[in-house]
Amino acid sequence: MGAREASGSTARELRGAREQARWTRARLGPGGPALDLLTARFERHEYAPHTHEEFTIGVSTGGSESIGYRGGRLRTGPGSVIVLAPGEMHTGGPSAPTGGYAYRALYAAPDLLADGTVGAGPPHFREGLVDDPELAEALRAAHAELSVCPDPLEVESRLPWLLTALARRHSTARPVADTVPGAERLARAVRDRLADELTAPPTLAGLAAELGLSRYQLLRAFRTATGIPPYAWLAQYRVTRARGLLEDGLRPAEVASLVGFADQAHLTRWFRRVLGVTPAAYRNSVQDAGR
């Protein structure tokens, strides 16, 4: 599943007659390590036997794939979560003559799954298929949104959290304790740093190291204190700052870069989530009210 037929710093596409695959290279935090995301839809494509250095974590989104793995066959269906261990030889192809198969996959370094567990080495998964509809939907949604806009802080907030949940729920590793003492104090320190470095926020891994925590502990403390992950808090803070600039008459395209969004589309997505309207509509309404 997911041989590296295409990769790069930007999304690249392979297209054939009803065969398509798109790679997106994301970053775990600003300037952080790469994490590749693959979106694939195949009618007939068959992968040759191959391995990856990382965990291959996939979610089936359509059809059914037959994966040769550990001397047996895995047959996926929509909602299946696929977990292929580093260094394990595997193949992949359609499991039926018609219908093909579609999936979203990411390629995660072993330490991303080990952060919230106890024990030496990467977590061990006895089975290659995991039945967890809630986690499957969360992985699918995160993959879909981050493939379109791979904001580094959002990538670092969402994907390690979900990968840790996968390991804690379904591997043989023991989970670490969830309680992080001083969660309110820690969350306040993180909020202050994010607000101070609005347009170029630090990585969560770097912040965690400064506070003497693992990234998982930082995320757990922040969620405990605020109810949301750091990227969501920062996005809402950016929207608040953007409102003031829009009220001053700046255009949405100008505002987006001034408050740290990747582009106007990124600003618009979060503006609608928080306020229910587009930045342009908000700007027009406040200007009309001031006349």
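How many of the nine residues of strand β3 (residues 34-42) are buried? I counted seven of the nine, so β3 is largely enclosed by the rest of the structure. I take buried as under 20% relative accessible area, exposed as over 50% and partly exposed as in between, with a 1.4 Å probe and protein chains only.

Ground rules first. I am working on a predicted model, where local features need pLDDT of at least 70, side-chain atom pairs count only at pLDDT 80 or more, and totals for chains, interfaces and linings use all residues. I number residues from 1 along each chain as its sequence is written, and side-chain values use heavy atoms, with hydrogens and water left out. Helices (H or I, at least four residues) and strands (E, at least two) are DSSP runs, numbered from the N terminus.

**Strand β3 and its partners**

I call two strands paired if DSSP finds at least two bridges between them. Strand β2 (residues 19-27) runs antiparallel to β3, with eight bridges joining them. Across that pairing, I found R27 opposite A34. The β2-β3 hairpin has six residues between the strands, and G29 there takes a positive phi near 90°. Next I checked strand β10 (residues 101-108), which is joined to β3 by seven bridges and is also antiparallel to β3.

**Helix α7**

I looked up the span of α7 (residues 230-247). Its 18 residues reach 26 Å from first C-alpha to last, close to the 26 Å expected at 1.5 Å a residue. The expected span is 1.5 Å times one less than the number of residues. Its buried residues include Y231, W233, L234 and R238. G249 follows α7 and has a positive phi, near 100°.

**Salt bridges**

My criterion is a side-chain nitrogen of Lys or Arg within 4 Å of a carboxyl oxygen of Asp or Glu. The structure holds 16 such salt bridges.

I opened D132-R169, whose closest N and O atoms are 2.9 Å apart. D132 sits in the loop between β12 (129-130) and α2 (133-148), and R169 in helix α3 (residues 152-170), 37 residues apart. D132 is buried at 8% relative accessibility, whereas R169 is partly exposed at 45%.

Then R269-E154, at 3.6 Å between the closest N and O atoms. R269 is in helix α9 (residues 264-275) and E154 in helix α3, so the pair ties together parts 115 residues apart in sequence. R269 is partly exposed at 23%, and E154 is buried at 1%.
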